[in-house]
Structures are given as structure tokens and as C-alpha cells.
Amino acid sequence: NAHVVLEEAPTAVSSASRPVQLMVLSAKTETALEAATANLAEFIKEHPETDLADMAFTLKEGRREFEYRRAFTCSTAADALEILESRDAKRMKTSQARSPRPRLFFVFPGQGTQQVNMGRGLYESEPVFRSEVDRCSEILKPHLGSDLREVLFPADENIEDARGRLNRTSITQPAIFVIEYALAKLWESWGVKPDAMIGHSVGEYVAACLSGVLSLEDALAVLAERGRMRRIVSARGPPP
């Protein structure tokens, strides 16, 4: 005996996503890539109501990767259609995959790159980035005596105060470390794994931590003390 049990498919529900989506296409030949581009444009014309995040997910996860590739970012279906039809090279990247792939390096800068609200967009829209910033900020609380997030992402009325605090070495160095570390973790969560890492000053600590030379807790403790000592030395002036 044979039995078939049928059930209605669940209603597709799209969850909240990023305000900007990455659309990717790939094909075995240049001609096929052009055809895929035209097909996607035609689909958007016929189904403008399709959720952009769902479309981006299907293109990324539901398609195989071939040698000829094309990618662009967009925020609306109309925006995507305009890019697809214009083939604007400034907004759409087209390339041929190289084999073996080029080596990838993470390079982390040092002090002097800080600014209030750096990474705020990522903090508000990327769960991985936000989780790492929150984790580092909690570890740093007993070392700094304050919440680093209040300096990184201040309320509008506190921006000037936060800017002054961020320029203090004791805050600057932990802040740069946290943003660089969280950004690297975000790239890694997307599958972007570096072949090597290098950094300058604070960036050296980020590279060392991500490489497993230092634990996150040790790296943050050392860096917080380093920033505090440098502030003391700066305040006292050079030795006689």
C-alpha cells in the first residue's frame, strides 16, 4: 500500500533585514551572464512587489557560483531595475573569478582613525557586529569605569562631550580595538577568512587577538592599561 500525505505549504514571511541588499549573479560565460542580468530585470518588472531581501537571499544561497560574476547593492526594486538596465559600471561590478583565488589580508590601523558614531550603522543593522561590540564593552566596563558605547554611539545632545572623551588616549585605543575587532568578526561571519593579518599600534592587538595569540579579555585589559599609561605620560610631559 502507498500513502501520500498532503499539507498546505506555510505562508512565506519575510523577516526584518538590512536597508541595503547585495545582489549577486554568476554564469559560465559572458553571454550567459548578460542573459541572467536581463532575466532578473524582467522578473523585477513583472513582480515589483517581491521582497528585495528574499530576492537577494535566493540569488546568494539558491544559485551556484560560476566563473563570470556580477554584483551590485540596492535599496529598492526600482533601484535594482535601474542598475540592471543601465549596466552602470560605477554601481555594478562585473569580473571573472580567478583561480586560485587571490590571497586576502586584514590590515588594522592604529590611533587617529577614531570618530564618534563610527560603525553606528553596522551596530544598528548587523547582529554579529552589535553582539561583539556589546561583549567587548561589557568586558571593558571595570577597566574604563564607564560604558564605551556611550562614547561610540552617544545621544545627539551628548555628541560634543563624547567627541572630547573619544580623543583621550585611554578611551581612544579601546574604542578603535572594539570597532576593528567587531568588524573583522562580521566579515568572518560572512565567510570572509583572511590568509594573514597585520596591524599598526592598536591594530597589532586586534591582529594578535584574532590570531589566537591573546584572549579577548587579556587583549582588552592590556590595551585599556596601555591607553591609561600613555595618557599619564602625555599629561606629565617628556622626561627631563
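1. The protein chain exposes about 15,000 Å² of surface, and carbon and sulfur atoms supply 52% of that area. The structure under discussion is a predicted model. Of the 240 residues in the protein chain, 36% count as buried.

2. As to overall dimensions, the C-alpha atoms of the protein chain fill a box of roughly 85 × 45 × 40 Å along the principal axes. The radius of gyration of the protein chain is 23 Å, whereas a compact globule of 240 residues would have a value near 18 Å.

3. The secondary structure of the protein chain comprises ten helices and five strands. When contacts between residues at least 6 apart in sequence are considered, 74% of them join residues at least 24 apart.

4. Helix α1, which spans residues 30-46, packs with helix α3, residues 77-86, at an angle of about 145°. The axes of α1 and α3 lie 9 Å apart, and the crossing of the two helices is left-handed. On the α1 side the contact is made by T37, L40, A41, I44 and K45; on the α3 side A77, A80, L81, L84 and E85 take part. Sorted by class, the contact of α1 with α3 has seven nonpolar residues, one polar residue and two charged residues.

5. Which residues does I44 touch, beyond those up to four places away in sequence? They are M55, A77, A80, L81 and L84. I44 lies in helix α1, and it counts as buried because its relative accessibility is 3%, where buried means under 20%. I44 and L81 are 37 residues apart along the chain, and their C-alpha atoms are separated by 6.7 Å.

6. Helix α3 can also be described through its buried residues, which are A77, D79, A80, L81, I83 and L84. The cover over these buried residues includes strand β1, helix α1, helix α2 (52-61), strand β2 (68-74) and strand β3 (92-96). Helix α3 is followed by R87, which has a positive phi near 55°.

7. A175 counts as buried, at 0% relative accessibility. Leaving aside neighbours within four places in sequence, A175 is in contact with M118, L148, L152 and L166. From C-alpha to C-alpha, A175 and S137 are 9.0 Å apart in space, with a separation of 38 residues in sequence.

8. Two loop residues call for comment on backbone geometry. N117, found in the loop between β4 (105-108) and α4 (120-125), has a phi near 70°, a positive value in a residue other than glycine. S201, in the loop between β5 (196-199) and α9 (202-210), has a positive phi of about 55° and is likewise not a glycine. Are these residues buried or exposed, fully or in part? N117 counts as partly exposed, at 27% relative accessibility, whereas S201 is buried, with a relative accessible area of 11%. The two fall into separate classes because buried means under 20% relative accessible area, and partly exposed covers the range from there up to the exposed class at over 50%.

9. Where is S17 placed? S17 belongs to the segment before β1 (21-27). Its relative accessible area is 44%, so S17 is partly exposed. S17 and P194 are 177 residues apart in sequence, and the distance between them, C-alpha to C-alpha, is 26 Å.

10. R103 is exposed, with a relative accessible area of 60%, because exposed means over 50%. R103 and L216 are 113 residues apart in sequence and 26 Å apart in space, C-alpha to C-alpha.

Technical notes: Residues are numbered from 1 along each chain as its sequence is written. This is a predicted model: local features need pLDDT of at least 70, side-chain atom pairs count only at pLDDT 80 or more; totals for chains, interfaces and linings use all residues. Side-chain values use heavy atoms; hydrogens and water are left out. Axes are lines fitted to C-alpha atoms, for helices over the stretch in contact, and angles run from 0 to 180 degrees between N-to-C directions. Helices (H or I, at least four residues) and strands (E, at least two) are DSSP runs, numbered from the N terminus. A crossing is left-handed if the near helix is turned anticlockwise from the far one by less than a right angle, and right-handed if clockwise. Contact means heavy atoms within 4.5 Å. Ala, Val, Leu, Ile, Met, Phe, Trp, Tyr, Cys and Pro count as nonpolar, Asp, Glu, Lys and Arg as charged, and the others, Gly among them, as polar. The radius of gyration is taken over C-alpha atoms; the globule rule is 2.2 Å times the number of residues to the power 0.38. Buried means under 20% relative accessible area, exposed over 50%, partly exposed in between (1.4 Å probe, protein chains only). Accessible areas come from the Shrake-Rupley method with a 1.4 Å probe; for residues, only the protein chains shown count as cover.
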